[in-house]
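Please read it alongside the sequence and the model.

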Amino acid sequence: MKTIVLGLIGAVFAMPCFAQSVDAPAVKAGDSWTYRTTVEKGPSGWGQSQSEVTVSHVTSSSIYYTSKQSGSTQPATDAFSGTDWSRSRDINGKETVVNKPFSFPLVAGKTWEVQYTEQHPNKMHRFEQWNNKFTVVGYETVEVPAGKFKAIKVEEEGHWNAELEPAQNVVQGAQVKQGSTTMVTQVQKTTAEPSTGRTYKAFWYVPEIRRWVKSVEEYYGSNGVRNERYTGELQSYKLSE
């Protein structure tokens, strides 16, 4: 019995850091992070870039920041996020959350979902439905150019469904009969077809950094093959006191 009790005590002392919850970051104006982003598209598309994110001001509901790509002659892009670093944009005339990597407080096992439907998002799709589920996996050590960190890992697995826009192709040709030429026009119509795919995302959040130090986003097509992958790794950072 004594051995069993000692074993339980040892297990309790081995778990405390895994059960701790983490509150939302106290982001301040002047905080900045520089990331190296690797983009992989298809079997041969690959590229890398570096960008700096700098907080301009913070309100009770939003973080306003600028993003500028290193070496670019273009001006910095001004954007905003929620205080939990969630991203929103206009969907069918309404500001809608489309990505929510964190739902504070963070604790291992916590889950949340992001769902939305967008009409005519592009020329190819009549509509798109997105269903993304996020899960706090727990603590994990991760190494990036900025150093080695103990991070809280969040994973997302999602599905998307879409309906292709019906298409109409016009084909013209000429027919020659007994010395005369006649123009022939054919109209080929295709009906709307369903399409589906999956997403996978992972974020390694470090409370002391006030942001993630690494992120991975993958997008899979209806054939089950990954079409795109975006990997962001923290290179350097500067936090306001």
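Ser195 counts as buried because its relative accessibility is 17%, where buried means under 20% relative accessible area, exposed over 50%, and partly exposed in between, for a 1.4 Å probe and protein chains only. The residue sits in strand E12. Ser195 touches Trp160, Asn161, Ala162 and Ser222, leaving out residues up to four places away in sequence; contact means heavy atoms within 4.5 Å.

The model is predicted: local features need pLDDT of at least 70, side-chain atom pairs count only at pLDDT 80 or more, and totals for chains, interfaces and linings use all residues. Residues are numbered from 1 along each chain as its sequence is written, and side-chain values use heavy atoms, with hydrogens and water left out.

**Overall composition**

- The protein has 2 helices and 14 strands; helices (H or I, at least four residues) and strands (E, at least two) are DSSP runs, numbered from the N terminus.
- Of its 241 residues, 32% count as buried.
- Among contacts between residues at least 6 apart in sequence, 50% join residues at least 24 apart.

**The sheet**

- An open sheet is formed by 10 strands in the order E4-E3-E2-E1-E14-E13-E12-E9-E8-E7, with antiparallel pairing; two strands pair if DSSP finds at least two bridges between them.
- Strand E4 (77-82) and strand E7 (111-119) stand at the edges with a single partner strand each, so one side of each has no neighbour in the sheet.
- On average, neighbouring strands of this sheet are turned by 25° against each other, direction ignored; the axes are lines fitted to C-alpha atoms, and angles run from 0 to 180 degrees between N-to-C directions.
- In a regular strand, side chains alternate between the two faces of the sheet.

**Strand pairs within the sheet**

- E1 and E2 pair in the antiparallel sense over 10 bridges, and Lys41 stands opposite Gly45 in E2.
- The hairpin of E1 and E2 has 3 residues between the strands, and Gly42 there takes a positive phi near 65°.
- E1 also pairs with E14 in the antiparallel sense, over 10 bridges; the bridge partner of Thr34 in E14 is Ser236.
- Strand E2 (residues 45-58) and strand E3 (residues 62-69) run antiparallel and are joined by 7 bridges, with Tyr64 in E3 as the bridge partner of His57.

**Nonpolar core**

- The largest nonpolar core has 38 residues, and those with the most contacts inside it are Trp33, Trp85, Phe102, Leu106 and Val213; such a core is a set of buried Ala, Val, Leu, Ile, Met, Phe, Trp, Tyr and Cys residues joined through side-chain atoms within 4.5 Å.
- The strands that each supply at least two residues of this core include E1 (32-41), E8 (125-144), E9 (147-164), E12 (194-206) and E13 (211-220).
- E9 gives the most to this core, with 6 residues.
- Leu106 touches Gln20, Ser21, Val22, Trp112, Val136, Ile152 and Tyr205, not counting residues up to four places away in sequence.
- In soluble globular proteins, nonpolar side chains tend to be buried together.

**Largest pocket**

- About 910 Å³ of space lies in the largest pocket.
- Its lining has 31 residues, of which Thr37, Arg87, Arg211, Trp212 and Glu217 lie nearest the centre.
- On a 1 Å grid over the protein atoms alone, a pocket is an open set of points where a 1.4 Å probe fits, with protein on both sides within 12 Å along at least five of seven lines; lining residues have an atom within 4 Å of a point.
- E13 gives the most to this lining, with 5 residues.

**Loop residues and backbone geometry**

- Trp85 lies in the loop between E4 and E5, and its phi is near 65°, a positive value in a residue other than glycine.
- Trp85 counts as buried because its relative accessibility is 2%.
- Asn92, in the loop between E5 and E6, has a positive phi near 55° and, at 49% relative accessibility, counts as partly exposed.
- The peptide bond from Phe104 to Pro105 is cis, with omega near 0°; Pro105 is found in the loop between strand E6 (94-99) and E7.
- Pro207 lies in the loop between E12 and E13 and counts as partly exposed at 30% relative accessibility.
- Leaving aside neighbours within four places in sequence, Pro207 is in contact with Val22 and Ile152.
- The C-alpha atoms of Pro207 and Ala24 are separated by 8.3 Å, although these residues are 183 residues apart along the chain.

Definitions and conventions:
Points joined across faces, edges and corners; volume = space filled by probe spheres on them.
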